[in-house]
Structure formats: C-alpha cells, structure tokens
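Q: I have a sequence and a model open side by side. Can you show me how to read the features one by one?

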Amino acid sequence: MPLLLLDLDNTLLDRDGPFRVWGERFLDGIGAPPADLDWLVSVDADGLTNRWDVADAIRDRYALRIPSIDLVDELHDGVVAHMRLDPLVACALRIAADAGWVPVVVTNGASRQQDTKIRKTGLDRYVADWVISEEAGVSKPNPRIFALAAQRARMPLRGAWVVGESPEADIGGATAVGLPSVWLHRGRRWSDPRFAPTRIEDGLIAAVAAVLAG
C-alpha cells in the first residue's frame, strides 16, 4: 500500500479559475476596469504572494479604505467559496485507493485556508490525511514535510509518488527525498536543469493513471 503524495492548489483543486471568478466580481464591485484582472492575477502569482501583501497592493492601487485584515479575509473566503471538487478527480482518487494507494495531501500554505478548502469541497472524504506547511512548521521542498506525511499516514515513504504542479516545491521536493514524481504542466514547458519529473501530465486524472501504470 504505497503513498500517493498530492499537492492541493491547481493539482487536486482548481485554484486559478475560482480566483479569476472572485477577482472579476471584486473588481466590478469597486468600480475597477475588467482589464485590471490581469494585474490582480499577476500580483497573486498563483497564490504564492503573501495574502497581506496582495491586500496591501489592492488597497494602494485603488486607494481603498478597507482594512487590510478585511481584504485578507475576502481573498480567502471569496476564492474558497468558488472552489469545487471535480467529480472526475474524486473518481480518480477512489480508483487509486481501490488499487491500494494511500492518497495524502501535502500542501504549502496557511492552515485555516488550506484546511477549509479540503473540508468545504469534500476532498477530505477521498484522502487519508493531509499535511499543511504552516501547521507542520516546514514547507515543500524540504524533505521533512514528506516524511511527516508518511508518519501521519503511518506508512513508509518507500514506494511513494509525488504529484504536483510546482517545479520547485513538488518536483524539487520529490527529488530531494528520492521519490518519483509527476509534474502537472498546465501548459508550461519544463525548464529547470537541476532536476526533472519522472512523468509529465496535463492533469490529476492523467497523473493518477500514470502512477498506476508505473
């Protein structure tokens, strides 16, 4: 029963789409031009920018008097409200589990934010457990977070696969811990010369199929 260590945002759950939906509605609500969505997406950087920094950038650009803490809550709650678990992803996780794999989420981010996504979308019903960097005190690509995930699941790391969309955090982390990996390319080309994924696929369903076949 090997481990299947899975990234969360833009791997198990689409984050880009919900962020854009929220962004369009938010900008419309403050009277900003629709074209500013590209700026907002750029500042967000796929969720890698600290929420407080995003909130401050929004306040400064539009001279808003909204407290930063309220904008941070809006960024969290507004995006999560639009997130859905793709039924085909749920099906793929069920198939992996039926084949003897143990799916565990390993994600960087704030505990409240990531935990809410997992529970609100119902993803918690399809994974054995999850490890969030803020709570764990260590982030991907540090190998310790993958070891912690194995400990949480009471499983050895040997034989595990890592699946994710971040070259550095997911594939770099898998390489550091000596595990095979699947990179979700999302229309990108692999460009990091330091390491490479075992497989490259276009989505979670194809990634699970590749792991089962491998």
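Q: Which residues of helix α6 (residues 111-120) are buried?

A: First, the ground rules. This is a predicted model: local features need pLDDT of at least 70, side-chain atom pairs count only at pLDDT 80 or more, and totals for chains, interfaces and linings use all residues. Residues are numbered from 1 along each chain as its sequence is written, and side-chain values use heavy atoms, with hydrogens and water left out.
Buried means under 20% relative accessible area, exposed over 50%, and partly exposed in between (1.4 Å probe, protein chains only). Helices (H or I, at least four residues) and strands (E, at least two) are DSSP runs, numbered from the N terminus. In α6, the buried residues are Ser111, Gln113, Gln114, Lys117 and Ile118.

Q: What covers the buried residues of α6?

A: Look for contacts, meaning heavy atoms within 4.5 Å. The cover includes helices α3, α4 (68-81) and α7, along with strands β2 (102-107) and β3 (129-132). Just after α6, Gly122 takes a positive phi of about 85°.

Q: How is the protein divided into domains?

A: Domain bounds come from an automatic or database domain assignment. Here domain 1 is 3-14 + 84-213, and domain 2 is 15-82. Their centres, taken over C-alpha atoms, are 26 Å apart. Each side has its part in the contact: 12 residues from domain 1 and 12 residues from domain 2.

Q: How many Å² do domain 1 and domain 2 bury between them?

A: The size of an interface is often given as the accessible area lost when the parts come together. Buried area is the accessible area (1.4 Å probe) that two parts lose on being put together, summed over both. For this pair it is about 1000 Å², with 44% of it on carbon and sulfur atoms. On the domain 1 side, Asp14, Arg112 and Gln113 supply 44% of the area buried against domain 2, more than any other three residues.

Q: Which residues have the most contacts inside the largest nonpolar core?

A: A nonpolar core is a set of buried Ala, Val, Leu, Ile, Met, Phe, Trp, Tyr and Cys residues joined through side-chain atoms within 4.5 Å. The largest one here has 45 residues, and Leu4, Leu12, Ile58, Leu123 and Val163 have the most contacts inside it. Helix α5 (residues 87-98) gives the largest share, 5 residues. A second, separate core has 18 residues, among them Val104, Val131, Ile145 and Leu157.

Q: What does Leu123 touch?

A: Set aside residues up to four places away in sequence. Leu123 then touches Leu8, Leu12, Leu13, Leu85, Leu93, Val105 and Ile118.

Q: How many aromatic pairs are there?

A: Rings of Phe, Tyr and Trp (its six-membered ring) pair if their centres lie within 6.5 Å; planes under 30 degrees apart count as stacked, over 60 as edge-to-face and the rest as tilted. The count comes to 5. One of these is Phe19 with Trp22, a tilted pair at 5.6 Å centre to centre and 45° between the planes. The two are 3 residues apart in helix α1 (residues 16-29), so about one helical turn separates them. Phe19 is buried at 1% relative accessible area, and Trp22 is buried at 3%.
Now take Trp39 and Tyr62. Their ring centres are 6.0 Å apart and their planes are at 85°, so this pair is edge-to-face. Trp39 is in helix α2 (residues 36-44) and Tyr62 in helix α3 (residues 51-62), 23 residues apart.

Q: What sits over the ring of Trp39?

A: A charge sits over a ring if NZ of Lys or CZ of Arg is within 6 Å of the ring centre and within 35 degrees of the ring normal. Here the charged end of Arg61 sits over the Trp39 ring, 4.4 Å from its centre. Trp39 itself is partly exposed, at 22% relative accessible area.

Q: Where is the cis peptide bond?

A: Check omega. The cis bond joins Lys140 and Pro141, with omega about 20°. Pro141 lies in the loop between α7 (133-136) and α8 (143-153).

Q: Is Asn10 buried or exposed?

A: Asn10 is buried, with a relative accessible area of 10%. Read its backbone too: phi is near 60°, a positive value in a residue other than glycine. Asn10 is in the loop between β1 (3-6) and α1.
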